[in-house]
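Hi,

Here is the structure I promised to pass on. Please open it and follow along with the notes below.

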Amino acid sequence: MTFDYDLFVIGGGSGGVRAARVAAQGGARVALAEEDRYGGTCVIRGCVPKKLMVFASEYPGAIADAQAYGWTVHAGGFDWLAFRDKLHAELDRLENVYRGILKTNGVESFDARARLVDPHTVELSDGSRKSARHILIATGGRPVKPDLPGAEHAITSNDIFHLETLPKSMLIIGGGYIACEFACILNGLGVRVTQFYRGAQILRGFDEEARGLVSEEMIQSGINLHLGTNIENMVEDEGGYRVTSTNGSEEVFEKVMFATGRAPNTEDLGLEAAGVKTGRGGEILVDEYSQTGVPSVYAIGDVTDRVNLTPVAIREGMAFVETVFNGNPTPVDHDLIPTAIFTQPEMGTVGLSEEAARGQEPVEVYSTSFRPMQSAFADRPDRVLMKLIVSKETRKVLGCHIVAPGAGEMIQLAGIAVKMGATKEDFDRTVAVHPTMSEELVTLKTPVRAG
């Protein structure tokens, strides 16, 4: 058979664009369709704008520290609209970069929705059809709201970057990293933040000691965190929305934001017609090579609901090209992925939590929590955590967990050692960089827990 393209990619996020570019650089005829903005969740409505908001929200603390260190500081209020307009300009610039990457590498792009007709054909929203030897689905995911009375009035993380005004008060519902990050961001920007989470502790799935410290620090910073609490309903009221919680309390908030989960974007993609199977949550089912049950159709990124992180989607896209176009079958490596949560303080983590490691084998736990030099001098009570989980048998570091300013930067480097299989003794042999917070990772001598 002859095809219009060797590869047709559906979705212009980081994973899809990377796969399209690399395949085209290798000589493949490639096309890509994106119905919304190029750059996807990370660039347009996720990592990038969120991190810029994190930076903006940290300045009140920096100003207070400057005064504690002897500086005379004259600071005005935060200008949300000035920041938001500059933020949007930066996102426009990055979207153009993504478009430029495709054009420079000879990828034909379509600003259109695409859906599968059969295993080798896609139909665009204008009715035209394109054939391809291989089809790659990289349509990502989206935030979802629960089916609760009044939920239609609430916003999600997609909407936060487009607010016309910064609210005086906001209720955030959820306890995952998105909920916690935005609670810290908005609190830093001067919004009175309340957070409801139905579970016993935020950041489920992460190390218990680390998430406990993040929770304490969030409360100490002024976030009104209610654990074991959920929303029952919300109705419009003067000044915002009157929310009734499961503990019986009522309060009016100017804005309400749901951060209670995300769903893969698989609706109306023609998957059933093409024979592509999905799981219970709508995720596309793939094997270790990102191949669906239909040999010509592959899927990467959040639409597969494996590990929903931008660098992982990019790695999956690279492995797909290596497998399909370079003749080198390359399974996706989802093991020991370093991760950062941009709460205040940040959390960085790689490997197993203490709880997961204990369930696997006997371990030693090395941990210390302390006031770092910078905040102690400024007479702030903030604490940080450095923690290693070590296998008793192999001495390998099974997990590293950091709660501290800059934890994301630290865990990227610690992640290299953990990925290489470093032992506790390898850490011990490393000379400390003094005075730093992270030097504690190589000076921990006595386990605080074992078993």
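**Around R380**

Leaving aside neighbours within four places in sequence, R380 is in contact with D65, R371 and S375. Keep in mind that this is a predicted model.

Where does R380 lie? Look in the loop between helix 11 (373-377) and strand 20 (384-391). With D65, the contact is also a polar one: the two side chains meet at 2.6 Å.

The C-alpha atoms of R380 and I137 are separated by 49 Å. Along the chain, these two are 243 residues apart.

**The nonpolar cores**

Now turn to the largest nonpolar core. It has 40 residues. Those with the most contacts inside it are I160, M170, I172 and F182. Several elements each supply at least two residues of this core, including helix 3 (47-57), helix 5 (80-104), strand 8 (169-173) and helix 7 (208-220). Helix 6 (177-188) is on that list as well. The largest share, eight residues, comes from helix 6.

Find I160 next. Not counting residues up to four places away in sequence, I160 touches W80, I155, M170, F182, L186 and M257.

Another core lies apart from the largest one. This other core has 25 residues, among them A19, V43, V107 and F320.

Best wishes

Conventions
Residues numbered from 1 in each chain as written. Predicted model: local features only at pLDDT ≥ 70, side-chain atom pairs only at ≥ 80, totals over all residues. Heavy atoms only, no water. Helix = DSSP H or I, 4+ residues; strand = E, 2+ residues; numbered from the N terminus. Contact = heavy atoms within 4.5 Å. Polar contact = N/O pair within 3.5 Å; in protein donor to acceptor, adjacent residues only side chain to side chain. Core = buried A, V, L, I, M, F, W, Y, C linked by side-chain atoms within 4.5 Å. Buried < 20%, exposed > 50% of the residue type's maximum accessible area, 1.4 Å probe, protein only.
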